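The tour goes stop by stop.

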Amino acid sequence: MRKLFIGDKGLYAILTILFLLSLIATFSTIPYKEVIGNGGTISHLLKQLLFILIGIFLIFIVERIDYQGRFFKIGAITIYVLSVVLCVVMLAKGVSSNQSIRDLRLLGISIQPFEFVKVTFVLYLCMALSRGYGLLNSSLKYFILYLGLPIIITCGLCFTQKLSSAFIMLLIALILLFVVKMNWKYVLGLIGVIVTVAVLYMAIDRVSRVNTTGKSRIKTYVENLFSGSEQYQEIDSPMIAIGNGGLIGTFPGNSEVKYYLINSESDFIFSILVEEGGMLTGLLIIIVYTLFFLRVMVIALKSDNTMGRVLAFGMGSVVLVQALVHISVAVGLLPITGEQLPFVSKGGSSLIAYCFLSGIVQSIASHHVTVKEEAAYEE
């Protein structure tokens, strides 16, 4: 009988911990949702549990697809293009929330396309770098067509509404280009073009008014940093929650900050978990994400081909960078970004996107195991 779990068992164990944290986080922020009239305890928990089950099923499906096959390649390009199209549609007809456009309603279902494009964008980059490295590294035309334009277009779309997402994707793209030792002249040229476009973009008043949320958050953060004003913390700083938690926390469901911290169940869930679970819980979360990245790196090193190594590194980097940005906001190292905590923040789009990512990593792990098992069988 074929095994149900064919991927890396260590990664599954880490994902299980993150899923449990997600359910705890959902329970912890339910009172806030009840205050604004969005339902009861059981319905929220069941909804989040449903997203988790869908995500697990997606992992099982994706891990059984050979990541080196033609079907995987075509599928990766297709879902990336689809994600970009959904982002464009969202900018035109999306639902406004907290002075920014985040959601797009399709067939009565609310989704966040930017959460999907983070994963599919890095997936596309890894595929392109591993399959066409020689051509991309030696031909400026192909570098611009297959790497430069996708990076500029994708980051540009995010830049219009979510500065942090654009920064995260650009950072990961540059890390990947550095790791594979891409032609440094091409990379510097790409950075120059992106900086120029960003400066011109912000200089246009008509467009600048679109992204008022990101600019106001940066302005507020800088003013608070240099003036020491308490206004910023009193309104929406997650550091208050961390301070309330102390060493052992206030116990799940007893957070006070969640009642006035907007989007506490997603954008600031690390702060709420630390408030209710204490600094020890915060340390546990950091350790879990570190273990996740290290486990993915082990899978990458075990891979018997360049594509598997690049793909695993890229997928692991997405989770690590996203988690670091979210946690950095919580401790006041970065201005408020609106970035969610991978696998833990409440909601379906982010959770399903990162489960798809995990499925890709498990595909790399299961393929490696399959190769070893076949070799042992032949002997």
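Where is Met182 found? Select Met182: it sits in the loop between helix 8 (163–179) and helix 9 (184–203). Helices are DSSP runs of H or I, at least four residues long, and strands are runs of E of at least two, numbered from the N terminus.

A note on the model before going on. This is a predicted model, in which local features need pLDDT of at least 70 and side-chain atom pairs count only at pLDDT 80 or more, while totals for chains, interfaces and linings use all residues. Residues are numbered from 1 along each chain as its sequence is written, and side-chain values use heavy atoms, with hydrogens and water left out.

**Stop 1**

Buried means under 20% relative accessible area, exposed means over 50%, and partly exposed lies in between (1.4 Å probe, protein chains only). Show the surroundings. Leaving aside neighbours within four places in sequence, Met182 contacts Leu129, Tyr133, Leu136, Asn137, Phe143, Leu147, Leu177 and Val187. Contact here is heavy atoms within 4.5 Å.

Next, select Lys181, in the loop between helix 8 and helix 9. Lys181 is exposed because its relative accessibility is 66%. Check its backbone: phi is positive, about 60 degrees, although Lys181 is not a glycine. Most residues other than glycine have a negative phi.

**Stop 2: helix 7**

Select residues 140–159, which form helix 7. Where is the kink? Go to Gly148: a kink of about 40 degrees lies there, shortly before the proline Pro150. The bend at a residue is the angle between axes fitted to the seven residues ending there and the seven starting there. Colour the buried positions of helix 7: Phe143, Leu147, Gly148, Pro150, Ile151, Thr154, Cys155, Leu157, Cys158 and Phe159.

**Stop 3: helix 15 and its partners**

Select helix 5 (residues 113–131) and helix 15 (residues 306–330). Their axes come within 9 Å and cross at roughly 155 degrees. That makes helix 5 roughly antiparallel to helix 15. Axes are lines fitted to C-alpha atoms, for helices over the stretch in contact, and angles run from 0 to 180 degrees between N-to-C directions. Angles under 35 degrees count as roughly parallel, over 145 as roughly antiparallel, 65 to 115 as roughly perpendicular and the rest as oblique. By class, the contact has ten nonpolar, four polar and two charged residues. Nonpolar covers Ala, Val, Leu, Ile, Met, Phe, Trp, Tyr, Cys and Pro; charged covers Asp, Glu, Lys and Arg; the others, Gly among them, are polar.

**Stop 4**

Move to Phe343, in the loop between helix 15 and helix 16 (348–378). Phe343 is buried, at 1% relative accessible area. Its phi is positive, about 70 degrees, although Phe343 is not a glycine.

Finish on Gln48 in helix 3 (residues 41–62). Buried or exposed? Gln48 counts as buried, at 1% relative accessibility. Beyond residues up to four places away in sequence, Gln48 touches Ser22, Leu23, Thr26, Ser345, Lys346, Gly347 and Leu351.
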